[in-house]
Amino acid sequence: MQVNITFRHLDPTEALKTHVKERVEHVQKYIDRPTEAHAVLHVENLDHHAEITLKAGRFLLRGTAKSQDMYASIDAAADKIERQLKKHKERIQDHKTPARPFPPLDVRHDILDVIAHPEKPSHKIVKTEQFQAKPMTVDEAVMQLDLLDAKFFVFQNAKDGA
């Protein structure tokens, strides 16, 4: 990412340039593809002003701050941009539709009885049960198995639908 730094009424120092670049790179972890950053550092009376503008795709983020120390102003401006990005990401995550669980599966369970016939043995369905295997986690299924005091329990794994 390209970082441009403009100094007004202030001597350009390598320490300030390095600090601005480090703070912009720290904010970069919240952005997929940052394209350009521009920082304007200037002194007005006794106040040190820092304005950081960050272009990331179609987004334009700006943070401004002033204090008695230029380093503190740079930090505060970068923190404002960081808060904007966090707030934007939270909004995106809150508006995403929740992942749909798998629809319940229809399960059929047949109980067979063997009919012993001398010429041709065969099977006869004695009882049939139909139910839905509901999506749940393995822990929930184990709890249901214990609560029902059953020997087996049919469920659908909510993670992978198995």
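Please find Leu105, which sits in strand β5, residues 105-115. Keep in mind that this is a predicted model.

Leu105 has a relative accessible area of 40%, so it counts as partly exposed.

Which residues does Leu105 touch, leaving aside those up to four places away in sequence? They are Phe131, Gln132, Ala133 and Gln156. Take Gln156: along the chain it is 51 residues from Leu105, yet the two C-alpha atoms are separated by 7.4 Å.

Contacts across the sequence can also be counted for the protein as a whole. Among contacts between residues at least 6 apart in sequence, 40% join residues at least 24 apart.

Now the overall layout. The protein has 162 residues, and 25% of them count as buried. Its accessible surface is about 12,200 Å², with 51% belonging to carbon and sulfur atoms. You can pick out three helices and eight strands. In sequence order, the pattern is β-α-β-β-β-α-β-β-β-α-β.

Next, a sheet. Four strands form an open sheet in the order β1-β2-β3-β4, and the pairing is mixed. At the edges are β1, residues 2-8, and β4, residues 59-67, each of which pairs on one side only. Direction ignored, neighbouring strands in this sheet are turned by 10° against each other on average.

Helix α1 packs on that sheet, where it touches β1, β2 (36-44) and β3. The direction of α1 makes about 140° with that of β1.

Staying with the sheet, β3 covers residues 47-56 and pairs with β4 in the antiparallel sense, over nine bridges. In that pairing, Ala50 stands opposite Ala65 in β4.

Last, the helix itself. Helix α1 runs over residues 14-27, which is 14 residues. At 1.5 Å a residue it should span 20 Å, and its end C-alpha atoms are 20 Å apart, so the two agree.

Which residues of α1 are buried? The list is Leu16, His19, Val20, Arg23, Val24 and Val27. These cover an arc of only 130° around the axis, so they are on the same side of α1. The spacing has a simple background: an α-helix has 3.6 residues a turn, so residues three or four places apart point the same way. On the other side of α1, Glu14 and Glu25 are exposed.

That is the end of my part.

How values were computed: Residues are numbered from 1 along each chain as its sequence is written. This is a predicted model: local features need pLDDT of at least 70, side-chain atom pairs count only at pLDDT 80 or more; totals for chains, interfaces and linings use all residues. Side-chain values use heavy atoms; hydrogens and water are left out. Helices (H or I, at least four residues) and strands (E, at least two) are DSSP runs, numbered from the N terminus. The expected span of a helix is 1.5 Å times one less than its number of residues. Buried means under 20% relative accessible area, exposed over 50%, partly exposed in between (1.4 Å probe, protein chains only). The arc is that of the directions from the helix axis to the C-beta atoms. Contact means heavy atoms within 4.5 Å. Accessible areas come from the Shrake-Rupley method with a 1.4 Å probe; for residues, only the protein chains shown count as cover. Two strands pair if DSSP finds at least two bridges between them. Axes are lines fitted to C-alpha atoms, for helices over the stretch in contact, and angles run from 0 to 180 degrees between N-to-C directions.
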